[in-house]
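Here are my notes on the model, in the order I'd go through them. Have the viewer open while you read.

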Amino acid sequence: MRPQLLQHVAELGAEDLPVYVYDLQDLSEHAAAIRTALPERVELFYAAKANSDPRLMDVLSDHVDGFEVASGGELHHIQRTCPGTAIAFGGPGKTPAELEQALQGGVDRLHIESEQELHLLTGLLGERTVDVLLRVNLPIALGPVALAMGGRPSPFGLEPGHLDRCLALLADDPRIRLRGIHVHLASGLDATAHLDLAGQVLTWASEWADHKGVGLTEVNLGGGMGVDYARPDRRFDWAAFGAGLRRLTEEHPGLTLRIEPGRAVTVYCGWYVTEVLDLKRSHGHAFAVLRGGTHHLRTPATKQHNQPFRILPADTWDRPWQRPQAQDEPVTLVGQLCTPKDVLAREVHVQRLRVGDRIAFALAGAYAWNISHHEFLMHPAPQFHHLDHAPVLAGPHP
Ligand SMILES: *Cc1c(COP(=O)(O)O)cnc(C)c1O
C-alpha cells in the first residue's frame, strides 16, 4: 500500500466504509511496466470483463493497444469510455443483435466461437465486411491450472476437426476475412507455462495454416496470466514472458501476436477496505464480523481462497465496555450475510485484531465487485474512490 493510500483510508469515517479504493498511480505504473516488457510486435489488449471501471479504462487506454470485450454491454461501455480504441469482440453465445452491434463499426476483430455464429454473421453482413479470428479449443496438455477452458470438453471455441467446415463457409464468402486464430485456454498460468502453451499454439497454427493453405497473419494467445493470491508479492514474470514472446516472434516472422490479459493487469490496484464490527468466539474459534462481505467481494468465495489483507489498527475506543479482541490466534473474517459461505479469509493467524480495526483486502482490483451478488440482503453498496495518479513529468517542475 502506498503511503497516499494509507493516509486516504485513515481519513475515512466508519460510515464511509466499506470502500473500494483504486490506486490509479499503481495501475498506471504496472501497465506501463507490462507494455515495456513486451516486444513491439506483440499487441497488448485488456480483457474488460476483469474490471471495466471507467477511470481504470481511462488509465489503461494510455498503455494498451486495445480492449477485448465479451458482450454487447461491454462493447457499448468501452466505446463510450475509450472512444476510438481498437476492440476485439469475443465470447460464446453472441446474439444476432450483438453481432449487428459489432458490425456497425468500431470492432476490429470478431472472435468466432462456432459454425452457427459464422452462419448468423453471413446472414447479417449485407454489403459489409468483417475481420475475424477463429477461436480454437486445441488439444494441448496444460497440467494443473486454476481454470482450464480448452483442451478438454468446453463450450468455448471450435474443435480443430470442425475448422474445415468454417473454412468452407469462409471460402464462399469474401466479405468475411480470416485474419488468424484465437486461443484462450487456461487461467492462472505462470510465465513458463504460458510460454510453453504459446509455443505449442504457434506450432499448431502454422502447421495448420500451411496444410490448409490459409494465409494466417495473427494469433491471439489469450489471457490467463497468473495471480498468486497466497503470495501477492510473487507476480507474473512479464520480463521473462516478454523475452520468450520475442523468441517466438522471431521463429514466426509472418505473425502478429496479441495477448489479452485481464486479472493480472488490474488486480493489484484495487483494495476493499472495511472495519471489524464484531469479534466473537464460537466453539473455540474466533470470528471477526466485518462491515460488508462477499456480496461486495465475491472473489474468495468463488476461488475458495483466503483473500490477502492488511490490518490497519484503529487505536481509539470510546465505548464504556471492554473492547473485544483476538490475540495471537487464528481468526476467520466473515461478512454481514446470513450464510456460512460469507467468508473472506478463514483461520488466518493474527497478532491482534480488535473491534474497530480496519481491514484492507488486497488484490481486489479484478473479478471482485463486478462479479459479486450485490443485491443479496440489501446492505448498502460500498463507495468507490480513485486515488489520482500524478502526471509523470519529463523534466523539472516549471
Ligand atoms: C476472461 C478472458 C480473458 C482474460 O482472462 P484473465 O484470466 O483475466 O487474464 C481473455 N480472453 C478471453 C477470451 C477471456 O474469456
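Which strand gives the largest share of the lining of the second largest pocket? Keep in mind that this is a predicted model.

1. The pocket. The answer is strand S12, residues 270–282, which supplies three residues, the largest share of that lining. The second largest pocket has a volume of about 310 Å³. It is lined by 13 residues, and those closest to its centre are Glu275, Thr316, Trp317, Arg319 and Gly356. If you sort the lining of this pocket by class, you get six nonpolar, two polar and five charged residues.

2. H5 against H6. Helix H5 covers residues 96–103 and helix H6 covers residues 115–125; their axes come within 10 Å and cross at roughly 55°. The crossing of H5 past H6 is right-handed.

3. Who touches whom there. On the H5 side the contact residues are Pro96, Leu99, Glu100 and Leu103, and they meet Glu117, Leu120, Leu121, Leu124 and Leu125 of H6. The class count for this contact is seven nonpolar, no polar and two charged residues.

4. H7 against H8. The axes of helix H7 (residues 163–171) and helix H8 (residues 191–212) come within 13 Å, with a crossing angle of roughly 55°. H7 is therefore oblique to H8. Here, H7 passes H8 in a right-handed crossing. From H7, Leu163, Asp164 and Leu167 make the contact, and their partners in H8 are Trp204, Trp208 and Lys212. By class, that gives four nonpolar, no polar and two charged residues.

5. A cis peptide bond. Have a look at the bond that joins leucine 17 and proline 18: it is cis, with omega at about -5°. Proline 18 sits in the loop between helix H1 (3–10) and strand S1 (19–23). Why flag it? Because most peptide bonds are trans.

6. A positive phi. Which residue has a positive phi although it is not a glycine? That would be aspartate 328, at about 45°. Aspartate 328 is part of strand S15, residues 325–334. It goes on the list because most residues other than glycine have a negative phi.

7. Places to revisit. For backbone geometry, go back to the cis bond between leucine 17 and proline 18 and to the positive phi of aspartate 328.

Note on methods. Residues are numbered from 1 along each chain as its sequence is written. This is a predicted model: local features need pLDDT of at least 70, side-chain atom pairs count only at pLDDT 80 or more; totals for chains, interfaces and linings use all residues. Side-chain values use heavy atoms; hydrogens and water are left out. Axes are lines fitted to C-alpha atoms, for helices over the stretch in contact, and angles run from 0 to 180 degrees between N-to-C directions. Helices (H or I, at least four residues) and strands (E, at least two) are DSSP runs, numbered from the N terminus. A crossing is left-handed if the near helix is turned anticlockwise from the far one by less than a right angle, and right-handed if clockwise. Contact means heavy atoms within 4.5 Å. Ala, Val, Leu, Ile, Met, Phe, Trp, Tyr, Cys and Pro count as nonpolar, Asp, Glu, Lys and Arg as charged, and the others, Gly among them, as polar. On a 1 Å grid over the protein atoms alone, a cavity is a set of points where a 1.4 Å probe fits but cannot get out, and a pocket is an open set with protein on both sides within 12 Å along at least five of seven lines; lining residues have an atom within 4 Å of a point. Grid points are joined across faces, edges and corners, and a volume is the space filled by probe spheres set on the points. Angles under 35 degrees count as roughly parallel, over 145 as roughly antiparallel, 65 to 115 as roughly perpendicular and the rest as oblique.
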